[in-house]
Amino acid sequence: MARIGIIGDGPAGLSAALFLARGDQDTIVFGTDETAMHWAHLHNYLGIEDLGGTAFQRTARGQVEAAGATLRAHEVTEVRVAADGASFTIVTADTTDEVDYVVLAGGKAVQSLAEALGAERDGGHVVVDTEQRTAVDRVYAAGRVVRPERSQAVISAGAGAIAALDILSRESGKDVHDWDSPPKED
Ligand SMILES: Cc1cc2nc3c(=O)[nH]c(=O)nc-3n(C[C@H](O)[C@H](O)[C@H](O)COP(=O)(O)OP(=O)(O)OC[C@H]3O[C@@H](n4cnc5c(N)ncnc54)[C@H](O)[C@@H]3O)c2cc1C
């Protein structure tokens, strides 16, 4: 089991956390529930006809906790890379956690953490590949931190899921997906 620290508790971070926790990884989400979703009202999230952003967040946070992730109501102030590059230390005012992977999902506010980690940046955003990997091994970025000017909730949630599936696939050594089917009727 890997330990993953997700910095940011909007749609990108919570979506990554849901997949990782369902994949039995030790998952911590850092954030103080100050996402822009509290100003949003969703009519453009496929499958949701009409839902306030605060209600969306409430459901998402409950879903993530029920799946086994830990929600930590702290702001991350620093992320340090171990000398061998194989682990990271996530620091808040009250906590210090060693993790195997970092997912940067804190919107524009985590640009400075990305820069300190050595992730490549282009203008105002962090550069990632198709699996949301940054240039730093085991550091991912998803959502508004990657595309600050073209941000939508459904895109952030999708990007968080992509990062999570890549981590799960790396950990299991083969491609992973998380597919459920409806219960069989008697
Ligand atoms: C007024 C308004 C209306 C909108 N309406 C819509 C809409 O109708 N439909 C739609 O799809 N989108 C809408 N959006 C955009 C939507 O809110 C964003 O696309 C979405 O919130 C991006 O999700 P994210 O997870 O990438 O980042 P965010 O939602 O920005 O989440 C990042 C989270 O990380 C936290 N964080 C930052 N730094 C740290 C740190 N150092 N430590 C811990 N936590 C940290 C932040 O506090 C925040 O909670 C709207 C936005 C606004 C402002």
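**Starting from Val 103**

Mentor: Leaving out residues up to four places away in sequence, Val 103 touches Ile 4, Ile 6, Ile 7, Gly 13, Ala 16, Tyr 140, Ala 142 and Ala 163. Contact here means that the C-beta atoms, placed from the backbone, lie within 7 Å. Keep in mind that this is a predicted model: local features need pLDDT of at least 70, side-chain atom pairs count only at pLDDT 80 or more, and totals for chains, interfaces and linings use all residues. Residues are numbered from 1 along each chain as its sequence is written.

Trainee: What is the bridge partner of Val 103 in E12?

Mentor: Tyr 140 is the partner of Val 103 there. Strand E9, residues 101-104, is joined to E12 by three bridges, and the two run parallel. Strands and helices are DSSP runs, numbered from the N terminus: E with at least two residues, H or I with at least four. Two strands pair if DSSP finds at least two bridges between them.

Trainee: And how many bridges pair E1 with E9?

Mentor: Four, again in the parallel sense; strand E1 covers residues 3-7. Ile 7 stands opposite Leu 104 of E9.

Trainee: What is the strand order in that open sheet of five?

Mentor: The order is E5-E2-E1-E9-E12, with parallel pairing. Strand E5 (70-72) and strand E12 (139-141) are at the edges with a single partner strand each, so one side of each has no neighbour in the sheet. On average, neighbouring strands of this sheet are turned by 20° against each other, direction ignored. That angle is taken between axes, lines fitted to C-alpha atoms (for helices over the stretch in contact), with angles from 0 to 180 degrees between N-to-C directions.

Trainee: Which residues have the most contacts inside the largest nonpolar core?

Mentor: Ala 16, Val 103 and Leu 104, in a core of 53 residues. H4 gives the largest share of this core, nine residues. A nonpolar core is a set of buried Ala, Val, Leu, Ile, Met, Phe, Trp, Tyr and Cys residues joined through C-beta atoms within 7 Å.

Trainee: New topic, the ligand. Which residues come nearest?

Mentor: Of the 34 residues around the ligand, Gly 8, Gly 10, Gly 106, Gly 107 and Gly 143 come nearest. Helix H1 (11-22), strand E3 (41-42) and helix H4 (153-172) are the elements that give two or more residues to this shell. A residue belongs near a molecule or strand if its C-beta atom, placed from the backbone, lies within 6 Å of it.

Trainee: How do the shell residues divide by type?

Mentor: Into 16 nonpolar, 14 polar and four charged. Ala, Val, Leu, Ile, Met, Phe, Trp, Tyr, Cys and Pro count as nonpolar; Asp, Glu, Lys and Arg as charged; the others, Gly among them, as polar.

Trainee: What about the sheet of three strands, what is its order?

Mentor: E6-E7-E8, an open sheet with antiparallel pairing. Strand E6 (76-81) and strand E8 (96-99) are the edges, each with a single partner strand, so one side of each is left without a neighbour in the sheet. Four bridges join strand E7, residues 88-92, to E8. Val 91 stands opposite Thr 96 in E8.

Trainee: Now backbone angles. What is phi of Asp 33?

Mentor: Near 55°, a positive value in a residue other than glycine. Asp 33 is in the loop between strand E2 (26-30) and E3. Asp 33 has 14 other C-beta atoms within 10 Å, so Asp 33 is partly exposed.

Trainee: And Gln 132, buried or exposed?

Mentor: Buried, because 28 other C-beta atoms lie within 10 Å of Gln 132. Its phi is near 70°, also positive in a residue other than glycine. Gln 132 is in the loop between strand E11 (125-126) and E12.

Trainee: Last one. Where is Ser 151?

Mentor: In the loop between E12 and H4. Ser 151 is in contact with Arg 144 and Ser 156, leaving aside neighbours within four places in sequence.

Notes:
Buried ≥ 20, exposed ≤ 12 C-beta atoms within 10 Å, placed from the backbone. Contact = placed C-beta atoms within 7 Å.
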